[in-house]
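Please look over the sequence and the structure first.

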Amino acid sequence: MLNSLSFNTGGDMLNAFKQFGFRQSVAVAIAAVGVACSAPSFAQGAAKAAAKGAGAAAPTEIVGNAQAGAKKNSACIGCHGIPEYRTAFPVTYRVPKIAGQSEKYLESALKAYRSGERPHPSMKGIATTLTDQDIADLSAFYAGKN
């Protein structure tokens, strides 16, 4: 069941987190972050779809921009920005340090979370809100940090 989570609305996300035992206040906060992060991505996706429908040529390669990634990392820093941070969902574990990782590795990991190939409900909830450009930008940003 955890592998098949996908959130189309903040209400979907809220209900999913409540289902896994989060208190109402925590579930609302997590859902709010997910909705806030998905709004820019949704707008970008709609603009790309409109441009494609108008006959515009799609870019052949997406290149990550670290400066753009720095503006998109608000959902990441809450866990990955705290040294030795441990979380208890879905089990207790130390959150991995992503700063300084390979750009290609980070991009591959985020895409795997987004597709469900890597089964982690919190990461899937965040990754499903990201466009390919968002993933490239965040990967470039974190690859350049130590």
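## Terms and basis

A residue is called buried when its relative accessible area is under 20%, exposed when it is over 50%, and partly exposed in between (1.4 Å probe, protein chains only). Helices (H or I, at least four residues) and strands (E, at least two) are DSSP runs, numbered from the N terminus.

This is a predicted model, in which local features need pLDDT of at least 70 and side-chain atom pairs count only at pLDDT 80 or more, while totals for chains, interfaces and linings use all residues. Residues are numbered from 1 along each chain as its sequence is written, and side-chain values use heavy atoms, with hydrogens and water left out.

From its first C-alpha to its last, helix 7 reaches 16 Å, close to the 16 Å expected at 1.5 Å a residue, where the expected span is 1.5 Å times one less than the number of residues.

Leaving aside neighbours within four places in sequence, Leu110 is in contact (heavy atoms within 4.5 Å) with Met123, Ala127, Leu130, Ile135 and Ser139.

## Salt bridges

The structure holds five salt bridges, each being a side-chain nitrogen of Lys or Arg within 4 Å of a carboxyl oxygen of Asp or Glu. In one of them, Lys72 pairs with Asp137, the closest N and O atoms being 2.6 Å apart; because Lys72 lies in the loop between helix 3 (66-70) and helix 4 (74-80) and Asp137 in helix 7, the pair ties together parts that are 65 residues apart in sequence. Lys72 is partly exposed, with a relative accessible area of 24%, whereas Asp137 is buried at 3%. Lys72, Asp134 and Asp137 are linked in a network of salt bridges.

Asp132 and Arg114 also meet through their side chains in a salt bridge (2.6 Å, N to O), which links helix 7 to helix 5 across 18 residues.
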